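I opened this one to follow a few contacts and pairings. Here are my notes, in the order I looked things up.

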Amino acid sequence: MSKYEELSKLKNLLDSGVLSQEEFEAKKKNILSGADNTAPKKSIKKTFVTILVALAILVIGGYFYCRSSNVPQTNSNITYKESVEGSTLNIPYDIVLERVKNDPSNKERGIFGDTEKTSIGIFQKKYRGLVFDYVNYYFSSGVVSSIELRKTANQYDGDAAQIIKEAYNSVESSLRRDYSSCQETDEGVVFFNEYEKITIHQEEDFSGQCELNVKIEKK
């Protein structure tokens, strides 16, 4: 290799930051004086290998960090008590789906959801002794994050407001027997324990349809 080629490569190392200005000047002097530059080459090679090893460690560490952060985090010490059709909060999506599909009544009435596995919906299911028109399980990180129930009544059912009022009173009294902690909020009456809360409220729209809504979620 000619001195010109060696100097050109040395300048590239300086420009890329591998060599400092002092190192560059010393090695340039060796090349121009014809001194043996085997040792400097070894030093450069060692530096390059060290950089490659450091990059490899960063890439591998980042890969395993991303994998671990995508795994649903569940706490086996927490027991969620509020259940709808045998499923509570924190139950994995596949288990809820299997239970829903194995229920013959769901096959008759239909099951709805989405392809991204964020929700599963079923019709005409009991909760605390009352039949609700719709039950929706919502999922986050692969497990149940909330359960929402809705019961409706309109003019064709009779006195819609009275029907929903009686349904509300039935669910509320049942929850009061099991939960010592509750409070009234803008969203409705909230019953709760250490890990979960249940919000119930009733409403009426402009058409005269009345609804009872229940939401079970993590506290």
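I began with the contacts of Glu217, taking contact as heavy atoms within 4.5 Å. Leaving out neighbours within four places in sequence, Glu217 touches Leu89, Ser145, Ser146, Glu196, Lys197 and Thr199. Glu217 sits in strand β8; strands are DSSP runs of E, at least two residues, and helices runs of H or I, at least four, numbered from the N terminus. Its relative accessibility is 16%, so Glu217 counts as buried (under 20% relative accessible area, with exposed over 50% and partly exposed in between; 1.4 Å probe, protein chains only).

A note on provenance: this is a predicted model, where local features need pLDDT of at least 70, side-chain atom pairs count only at pLDDT 80 or more, and totals for chains, interfaces and linings use all residues. Residues are numbered from 1 along each chain as its sequence is written, and side-chain values use heavy atoms, without hydrogens and water.

Next I turned to helix α6. Its buried residues are Ala160, Ile164, Ala167, Tyr168, Val171, Glu172, Ser174 and Leu175. Among the elements covering them are β2 (119-127), β3 (130-140) and β8 (210-218).

Last, I checked the hairpins. β2 and β3 run antiparallel, joined by eight bridges; strands pair if DSSP finds at least two bridges between them. Tyr127 stands opposite Leu130, and Arg128 in the two-residue turn has a positive phi of about 50 degrees. β3 and β4 are also antiparallel, with seven bridges.
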